[in-house]
Amino acid sequence: MRVVIAEDSVLLREGLAGLLTRFGFEVVAAVGDAAALVAAVREHRPDLTVTDVRMPPGFTDEGLRAAVALRAADPDLAVVALSQYVQHSYAGELLASGQGRAIGYLLKDHIADVAEFVDKLRRVAEGGTVVDPEVVRQLMQRGRDPLGRLSAREREVLALIAEGHSNAAIARILILTEAGVGKHIGSVLTKLHLPVSDDTNRRVLAVLTYLRGQQ
Amino acid sequence: MTPGTTLLRAVLRPRFLASAWPWRGIAYAASTAAASGVLWLLLSGPAAPLVLAVEVLRPPRAAHHLLLAAVLGLVGVGLLALVGPGLALAVARVERWRLRLAGDGPAPFRHTGALGTDPATWRTGTLYTDPATWRAVAYLLLLAVVAPVWGAVLALIALLVVSTPLSVHHHVVNLHSPGTAVGRTLLGLALIPVLLYLAAAFGGAHAALARLLLCAEPDPAAAELVEVARSRARLADAFDAERRRIERDLHDVAQQRLVSLTMQLGLAKLDLPPDSPAAAAVASAHEQAKVLMVELRDLVRGISPRTLRELGLRAAVEELAAGSPLRVRVDADAGRFTPTVETVAFAAVSEALANAVKHATATEAVVSARRSGGRLTVQVRDDGCGGADPARGTGITGLADRAAAAGGRLLMSSPAGGPTILRVELPCAS
């Protein structure tokens, strides 16, 4: 799997490249700013792009802007944005691009759990959606009455849906049968008046949109 | 402030005539005459109805003449009232500039009322109520009525001086009276210093009055207070800039290195046999590094929130609310404010929410931020137990100081039993 990495900190960039190489990715380019990222993606057409949100020259959201622009040109481009903090405005903008397919928004903290991090990258590269658990936790915290009607287990299921997990993955994490998970999911979506859909990505977007509207 | 030399003081000096002051006196007197002339031209429009009214009232007059004169008079007075103050302030600007001819000292201008020196900020209401406006109108009368009188006296003397050669020529050639010619010559010569002294004296007196009416003497204490307030605001801003620098340094260096380090530990953990002693040590180091990442992130965010700088107050407050254990409803106007206003407003919300969690055992809070009438009002209300005492901690006191430095104020109400309401009002250009 061919990857382009954009990260302005040399140490972290080299570290990420080493990590991904070790797990069998082919790092075709590792660059330090947004302009180089755009150029590298156009040149290599990678299977996955991993970019820092904050990069030179302005150190605000250059990486994210570049990612959104690249996805506007090519909605199938798989992108994972890495951020030091949860910034809901940025996360929302990125996740909304390309109907939520092949997109990830992760805190840099989660690079530390290397195996899980690599697993998340693979899921995005395969067209999945990955939302940082911290984003979901914050979104669920501001929720109001409808969320209060969910059972504890249903809330767990909702969080995992929002993070982009498939039914099978949720079943594995919660140690349930897939049929049991399917029942929970149906119940959650019904209680929140959301359309019941088997498409994981659509489901993530619907749940996130719902949670974001809950303030 | 030490007053510089003025025309009026220079006249009294023994070596007056040998200095440049006579020429400055002449220049000031001549330009006063010109200014007076221009002023009359400008006034002729609005004053025309009044002149017409006087004409109408000349005998023989009938009853309808009185009515017409009254209407014309009213229109004239109205026009003068309408354009007078604005004209007076415009003239005052020119005259303050011209005062430099009549004195070396600075001619500072300080409105005692709400008007600034920038005409763009004047509003009609303050224009008519500001004492400075009416002092400028008084000066307008001085320039229009009194200045022509002394100007005429000076002009007469100047005419006598200038016409001396012609007059002497006339006496010698036509009248053959050399005695008178000598007398006329002496008179012309004698009048030169008289003219110079009188021009300086009249001009100096006019300038002194102008200074009195147009340039309020700045109160040294007030000037000092303004400077103190400015330096306080500068200190607060410098403090904010320093926090932003620390945040940037921590983010760019420490946080990236820590992420990298934690990742390496995570990798090392993978390669170690799970039951080896090293695996346990590395796993422990990995966990500690992860905790440190979270702690460092919270610390850095506390120092200077990025979202506030990049996306503004509403986005930053919404994120703060999302991260708070309370259920927080945010009702904030969009739009950006100056960095100082945003920083102080955000600090207030952050402090209020933190206090609500720590001391008030609240479960809900409502944050509002509204801009109206050049003022941003931020309010945080929680459902906690109240009884907050600003004197107990430095947080609220520090916030009040920051608000005051930004030209605003902080209000807090926290009766025992709750609710606690914290409000910050900050001036912002609307």
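Which residue of chain B does the side chain of Arg54(A) meet in a salt bridge? Select Arg54(A) and Glu247(B): their side chains form this salt bridge, at 3.6 Å from N to O. The term denotes a side-chain nitrogen of Lys or Arg within 4 Å of a carboxyl oxygen of Asp or Glu.

Before continuing, note that this is a predicted model, in which local features need pLDDT of at least 70, side-chain atom pairs count only at pLDDT 80 or more, and totals for chains, interfaces and linings use all residues. Residues are numbered from 1 along each chain as its sequence is written, chains are lettered from A and ligands numbered from 1 in the order in which they are written, and side-chain values use heavy atoms, leaving out hydrogens and water.

**First stop: the interface**

Display chain A and chain B together. The contact (heavy atoms within 4.5 Å) takes 37 residues from chain B and 32 residues from chain A. The two chains bury about 3200 Å² between them, 53% of it on carbon and sulfur atoms; this is the accessible area (1.4 Å probe) lost on putting the two parts together, summed over both. Next, select Met263(B), Arg297(B) and Arg306(B), which supply 19% of the area that chain B buries against chain A, more than any other three residues. Across this interface the rule finds five salt bridges.

**Second stop: helix H2 of chain A**

Select residues 34–44 of chain A, which form helix H2. Helices (H or I, at least four residues) and strands (E, at least two) are DSSP runs, numbered from the N terminus. The buried residues here are Ala34(A), Leu37(A), Val38(A), Ala40(A) and Val41(A). Seen down the axis of H2(A), they fall within an arc of 165°, so they line one face of the helix; the arc is that of the directions from the helix axis to the C-beta atoms. On the other side, Ala35(A), Arg42(A) and Glu43(A) are exposed. Buried means under 20% relative accessible area, exposed over 50%, and partly exposed in between (1.4 Å probe, protein chains only). Just after H2(A), select Arg45(A), which takes a positive phi of about 45°.

Move to the loop between strand E4 (409–413) and strand E5 (420–427) of chain B, and select Ser414(B). Is Ser414(B) buried or exposed? Ser414(B) is buried, with a relative accessible area of 14%. The side chain of Ser414(B) reaches the backbone nitrogen of Gly387(B) at 2.9 Å. Leaving aside neighbours within four places in sequence, Ser414(B) is in contact with residues including Gly386(B), Ala388(B) and Pro419(B).

Definitions and conventions. Polar contact = N/O pair within 3.5 Å; in protein donor to acceptor, adjacent residues only side chain to side chain.
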